[in-house]
Amino acid sequence: MGRIAGDTGVSKASLRRALEWHFRYTLGGEGSPKSPGDLYRSLGLAVRDLITDRMRDAGADPDAKRVYYLSMEFLLGRSLGNTLYNLQIYNACRELLEEFGSDLEEVREQERDAPFGNGGLGRLAACFLDSMATLGIAGCAYGIYYDYGLFTQEIEDGYQREKPEPTWSGQSPWEIAKPQEACLVPFGGRIEHAVDRRGHYNPMWMDWKVVVGVPHDIPIVGYGGRTVNSLRLYKACASSEFDMKIFNEGDYFKAVEQKIAVETISRVLYPADTFQAGRELRLLQEIFLVCCALRDIVRRYLKNHSDFSLFPSKVAIQMNDTHPSLAVAELMRLLVDEYEVPWEAAWEITVGTLAYTNHTLLPEALEKWPVGMLEQMAPRHMQIIYEINRRFLDAVKCRWPDDPDRLQRTSLVEEGAVKRIRMAHLAIVGSHSVNGVSALHTELVKHRLVPDFFELWPERFTNKTNGVTQRRWLLKANPELAALITGVIGDGWITRLEALRLLEGNVEDSGFRRAFREVKRRNKERLAAVIFSKTGIRVDPEALFDIQAKRIHEYKRQLLKVMHIVHEYLSILEDGIDPPVPRVFVFAGKAAPGYWHAKQIIKLIHDVGAVVNRDTRAGKWLTVVFVPDYRVSMAEKIIPAADLSEQISMAGTEASGTGNMKFSLNGALTVGTLDGANIEIRQEVGADNLFTFGMTAERIEALIQTGGYRPREYCRDHPEIRRIMDALTEDRFCPAEPERFRWIRGRILEEGDPYFHLADLSSYIEVQRRAADLYVDPEAWARKALINVARMGKFSSDRAVAEYARDIWGIAVD
């Protein structure tokens, strides 16, 4: 029996033996595994054996600088298929499972998506981990082991209902518990002011409670299997010693209550912050994450070093958005309090080690924690933040001695009836690098969000445009297109996406275009089957698949897409104008459980769809579907089938977006505003190969500043806009409850249309006409779609991570 392809050095026979061994002795089975579930767990464990030693080897070199990535969420999706592709043993494992009378795709479907994230932030983090391992960068990522990090979205009568996702714990072959490396995390207590033997101020953190963070490692395999890094997720557990003390005092109910309260810390991702308890839990999670991560990072470093003089040259810590900003205070606390490093030296180490990625300009996402809450939960951290702020403001005063307003703007403490800590400011002050995630976003960070900090430290600010891993989003998600590409240009694109440029030489090859269209058709047929199984709605694969799949949020403007659908519907019914081509409008995405407007938009999509789909005339041309429970594994089915990719956020609100990259990489044409990475995609693929519309971020900002945007005037002066608004806010789509969508009129006309729907609507309708006209010519459409694929090389997460390594982490990458 020959060896399996790739760098694993294992034969199919030995893999079979390992699979059967795990079935019998790990899972307690008898005979050979037969069910897809047993085969999934057995194969996963057998594959994990191949990479366990390489996980240990990834941190073995004491001279290598290591990267530590801190994020509140990691949206991994499913691991089996991605791991098999990256180990280059996918085909061999497919053949192996055929020997058991099973199909690998059916076995893969047994795996649940990892429940440790729910949005673009977590998916970006997962792409970066894949790229770090593929590029051979030794590192470890840190997060929280949530029991319920990803809720299941069910639709009842058009409304989103959230159901808890079954816990992953103990069910996945990929997790490796490491209780021997648990961390003790202090919470609460008080500060006792004291002096040491030399008369120096020596604050003592007293009467704190202990939470135990138990790590669970998940292997992250780079392509080729040479580097296997770890995602380390911490689960909160009660301290056994603390519980026993309460038990021994006879208060058994209190002991159980304490245990439940502690373990709630890692129960759910992003608890609703509309209530005090939810806000407190979210802050507790952030404290828990950074304390566990920093203690583990320091432990690893001290294995090979006796002091902290080399810490910044051996350790790089990247904070993924503002959630881990307390890492600044925690690293200072560890250095100053536990290792007695002088403050000035500790601060130099901290700034030299930490780096901060900003992902949003939205005020609600830039965290600000009440001082009182921080003092109650982490009093020593709060004391350190005050000292950081005092020294920082002294430096600002030296630079601008007569500018009290600047002091107020830059202070880490926001004054007011309730004092708050500006977490983004803390991250900026405590980091040597601050980056945005698209060219536009970075400019807005520098000149709109924190211009004072940019003026103070211009050298700290840099752009690192996001990217996606082509190994999951093309090689795995779209294997037929991947095979077509490889057959023409070879497989170099798998690790160097810029090699896709070689495809441009085949754009004019009619046979290649035909093969490309056939792949797209089969992907659409597969998605049509999924849509029918999930919704009961039949869709025609010949129609233009117009897809908006992303988190439901007002700034992402699913409402604008609905307005376009209503326009098309009314044009057919009232104007007698049939569109050039039939369309299937596909929506997918989840709304935050506490976000009323977003959940109402989901209901609106369903109600509009119900009316449009059953109309005997319009239904021939328009079909509206909402695919429930959007997640990574569903995205892998939806994205390869898209003809048109909707990236229509209000300009200046989307930091980057990565869905735009995934759709273009899979041969969809973009309809988009000049927002986030859409601008750079347009630069790469060419303005003629996508459809842009709407106001620029500069124009919108000017109108906001001058109060020049008056949505009532748009409604009054544009009959087509007025007709759409009337249809949405009367009873056409909700005859049983005429008031149901009256909120739209209030939000748009009375509250000023904060996301500029009406300002962009006419432009959007016009660009959609152009897209429909182009789709009539399949050859012209295929040319533009292929150019999109060929010119997506810049948008690999490999490129993004290599730039982080070179410019921020100080690590050389081949």
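Tutor: Happy to! This is a predicted model, and one term comes first: a cavity is a set of grid points where a 1.4 Å probe fits but cannot get out.

Student: How many cavities of 30 Å³ or more does the structure hold?

Tutor: There are six cavities of 30 Å³ or more. The largest cavity holds about 190 Å³ of space.

Student: Which residues lie nearest the centre of the largest cavity?

Tutor: Those are Ser79, Asn82, Pro219, Ile220 and Arg472, out of 16 residues that line the largest cavity. The elements giving two or more residues to that lining are α3 (80-87), α6 (120-134) and β9.

Student: And how does the lining of the largest cavity divide by class?

Tutor: Eight of its residues are nonpolar, five are polar and three are charged.

Student: What about the second largest cavity, what volume does it have?

Tutor: The second largest cavity has a volume of about 70 Å³. Its lining includes Lys550, Lys556, Gln647, Glu654 and Asp675. By class, the lining of the second largest cavity has one nonpolar, seven polar and four charged residues.

Student: OK, now pockets. What is the volume of the second largest pocket?

Tutor: The second largest pocket comes to about 910 Å³. It is lined by 28 residues, and those nearest its centre are Asn202, Pro203, Val336, Asp337 and Arg380. Two or more lining residues come from each of β6 (183-187), β8, α11 (327-338) and α14 (379-399).

Student: Which of those elements gives the most to the lining?

Tutor: That is α14, with five residues. Taken by class, the lining of the second largest pocket has 14 nonpolar, three polar and eleven charged residues.

Student: Let's switch to strands. Which strands pair with β22?

Tutor: Strand β21 (residues 644-647) runs parallel to β22, and four bridges join them. Strand β23 (residues 691-692) also pairs with β22 in the parallel sense, over two bridges.

Student: How does the chain cross from β22 to β23?

Tutor: It goes through helix α26 (residues 678-685), in a right-handed β-α-β crossover. Another right-handed β-α-β unit is made by β21, helix α25 (residues 659-665) and β22.

Student: And the faces of β22, are they covered or open?

Tutor: Both faces of β22 (residues 669-672) are covered. Leu669 and Val671 are buried on one side, and Thr670 and Gly672 are buried on the other.

Student: I also spotted β13, β14 and β15. What order do they have in their sheet?

Tutor: The order is β13-β15-β14, in an open sheet of three strands with antiparallel pairing. β13 (368-370) and β14 (413-414) stand at the edges with a single partner strand each, so one side of each has no neighbour in the sheet.

Student: How many bridges are there between β13 and β15?

Tutor: Three bridges, in the antiparallel sense, link β13 and β15 (residues 420-422). Lys368 stands opposite Arg422 in β15.

Student: Now a backbone question. What is phi for Asp207 and for Asp753?

Tutor: For Asp207, phi is near 60 degrees, a positive value in a residue other than glycine. Asp753 has a positive phi of about 50 degrees, and it is not a glycine either.

Student: Where do the two sit?

Tutor: Asp207 is in the loop between β8 (204-206) and β9 (209-221). Asp753 is in the loop between α30 (742-750) and α31 (757-775).

Student: Is each of them buried or exposed?

Tutor: Asp207 is exposed, because its relative accessible area is 54% and exposed means over 50%. Asp753 counts as buried, because its relative accessibility is 0%.

Student: Last one: Thr623. Buried or exposed, and where is Thr623 found?

Tutor: Thr623 is found in strand β20 (residues 622-627). It is buried, since its relative accessible area is 14% and the cut-off for buried is under 20%.

Student: What is Thr623 in contact with, leaving aside neighbours within four places in sequence?

Tutor: Its contacts are Ile537, Arg538, Val539, Arg583, Val584, Phe585 and Asn613.

Student: Great, thanks for the tour!

Key: Residues are numbered from 1 along each chain as its sequence is written. This is a predicted model: local features need pLDDT of at least 70, side-chain atom pairs count only at pLDDT 80 or more; totals for chains, interfaces and linings use all residues. Side-chain values use heavy atoms; hydrogens and water are left out. Buried means under 20% relative accessible area, exposed over 50%, partly exposed in between (1.4 Å probe, protein chains only). Contact means heavy atoms within 4.5 Å. Two strands pair if DSSP finds at least two bridges between them. A crossover is right-handed if, with the strands pointing away from the viewer, the path from the first strand over the helix to the second runs clockwise. On a 1 Å grid over the protein atoms alone, a cavity is a set of points where a 1.4 Å probe fits but cannot get out, and a pocket is an open set with protein on both sides within 12 Å along at least five of seven lines; lining residues have an atom within 4 Å of a point. Grid points are joined across faces, edges and corners, and a volume is the space filled by probe spheres set on the points. Ala, Val, Leu, Ile, Met, Phe, Trp, Tyr, Cys and Pro count as nonpolar, Asp, Glu, Lys and Arg as charged, and the others, Gly among them, as polar.
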